[in-house]
Protein chains: 2
Amino acid sequence: MDDAVGGERPKIRRNTSATRAATRKANEDAILKAAETVFAEAGFGGATMQLIADMAGLPKANLHYYFATKEELYRKVVERIFKIWLKAANAMDDAAGPAEGIGAYIDAKMEISRKYPNGSKVWASEVMHGAPVIQDYLETTLREWTEGRCAVIRRWIAEGKMAPVDPAHLLYMLWATTQHYADFGHQIETLNGGPLSNADWAAAKTSVKAIILRGIGVPPPN
Amino acid sequence: MDDAVGGERPKIRRNTSATRAATRKANEDAILKAAETVFAEAGFGGATMQLIADMAGLPKANLHYYFATKEELYRKVVERIFKIWLKAANAMDDAAGPAEGIGAYIDAKMEISRKYPNGSKVWASEVMHGAPVIQDYLETTLREWTEGRCAVIRRWIAEGKMAPVDPAHLLYMLWATTQHYADFGHQIETLNGGPLSNADWAAAKTSVKAIILRGIGVPPPN
DNA sequence: TCTTTTTCTGACCGTATGGTCAGGTTCAGG
DNA sequence: CCTGAACCTGACCATACGGTCAGAAAAAGA
């Protein structure tokens, strides 16, 4: 009977038998995931803590328990993306030549665009607005990585393994083309008349690799 | 004497001997220009009418005289960009073949990225957030334009003037690569150690054209 | 069981923002 | 010179937002 009274709230137990640490991690992950979505869809300025809280299924005040400020939460989201992004960079390492190395890098970045489109959008938004949060990453980690890859490409060119192209502009083209499928995914879907199928994604990968590899004088492995 | 009193304001005459229409146009242009900059730098949500007003040198209330709401102002900014963007599309028309047509299109789009980086950023931001304002453009004008160009490319392929590549993905690559120099200009400048010089821009154009034209099986005119 | 620490949250606050409006100013047309 | 329309703006308002906090609730430790 007393259960039937309207005012009684169910008192949902969010984490029944988990340790402190596990609960914390679960909540932080839920918040970060929700934040990534909201930041991607609305931008930093358009995102609200309330919306993120609702999407994560937590009261707003709880967000501020885990992340002191909106900026801190945003920073964590961006850093998370940057790490994923850097991992893909390894695809280019230890490759015998451009066909293998650049081909694998394109594949890896296309996969990321497909799997983490929101992350890519947040990154794009951050850079477009002058990288107020990750400027130091650009100047240190990214710069070093870029210079290292440019050196590799230059070596490949010197060894006659590919056509002599400007390494930096080649990298920009790789980034632009692969990330376009995430950042401009909405436009592509509109023109495509719906979400990309598995076959569509495969065709995209093949097309990108075909043009770029041929473009740098390397026969596409097909 | 009375002039010397501190309280006297200079009463700057903003438009001395202009017609009503000219004044209106000048003010609207100033507002649109300021708005483009602010929207590009801060996104829609992060932009404030006060900031736009300050940058345009007008009181905030005056903005609302010319543009009823923030949304309306934003819409005008986006539409303006879309028109510029479409104009460049003509560079691809009436070309004898892909070398000429696509080469000219790349040149035109690179010029736009250099000249209107803010416009490109606003466009990118709009699309990334699901195109809430220009969805209809995507579905009508852009779609028609895209299908027209795809047909042209297919014809070129059928005529043996270029390698058989997926036309849509080629277009995406063209958009991505050229717009990257505007949207990710900050990242490029950071890696470059400063703004791109004339020579840098020329190198960028040359690199992009070289890779893509060779990539579609067309000898670069260079 | 009692105490301490961590976790959680409703209610609240100051500020900044988009937008309004009454009243003033300027201008074109007569 | 007069008048009505167009133009301009300081002051104001309601709202929504990021952030705070006191204190409840739960878990861990003793």
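Reader: Where in chain B is Ala131(B) found?
Author: Helices here are DSSP runs (H or I, at least four residues), numbered from the N terminus. In chain B, α6 covers 117-128 and α7 covers 135-158. Ala131(B) is found in the loop between α6 and α7.

Reader: What pLDDT do local features need?
Author: Residues are numbered from 1 along each chain as its sequence is written, chains are lettered from A and ligands numbered from 1 in the order in which they are written, and side-chain values use heavy atoms, with hydrogens and water left out. This is a predicted model: totals for chains, interfaces and linings use all residues, side-chain atom pairs count only at pLDDT 80 or more, and local features need pLDDT of at least 70.

Reader: What is phi of Ala131(B)?
Author: Most residues other than glycine have a negative phi. Ala131(B) is not a glycine, yet its phi is positive, at about 50°.

Reader: Is Ala131(B) buried or exposed?
Author: Buried means under 20% relative accessible area, exposed over 50%, and partly exposed in between (1.4 Å probe, protein chains only). Ala131(B) has 1% relative accessibility, so the residue counts as buried.

Reader: How many aromatic pairs are there over all chains?
Author: Rings of Phe, Tyr and Trp (its six-membered ring) pair if their centres lie within 6.5 Å; planes under 30 degrees apart count as stacked, over 60 as edge-to-face and the rest as tilted. By this rule, the count over all chains is 30.

Reader: How many residues apart in sequence are the parts tied together by Phe44(A) and Tyr74(A)?
Author: These two rings make an edge-to-face pair, 5.0 Å centre to centre with 65° between the planes. Phe44(A) lies in helix α1 (residues 20-46) of chain A and Tyr74(A) in helix α4 (residues 70-89), so the parts tied together are 30 residues apart.

Reader: What is the angle between the planes of Trp85(A) and Trp123(A)?
Author: The centres of this aromatic pair are 6.0 Å apart. The pair counts as stacked, with planes at 15°.

Reader: How far is the charged end of Lys70(A) from the ring centre of Phe44(A)?
Author: A charge sits over a ring if NZ of Lys or CZ of Arg is within 6 Å of the ring centre and within 35 degrees of the ring normal. In chain B, Lys70(B) lies over the face of Phe44(B), at 4.5 Å. The charged end of Lys70(A) sits over the ring of Phe44(A), and its distance from the centre is 4.5 Å.

Methods:
Helices (H or I, at least four residues) and strands (E, at least two) are DSSP runs, numbered from the N terminus.
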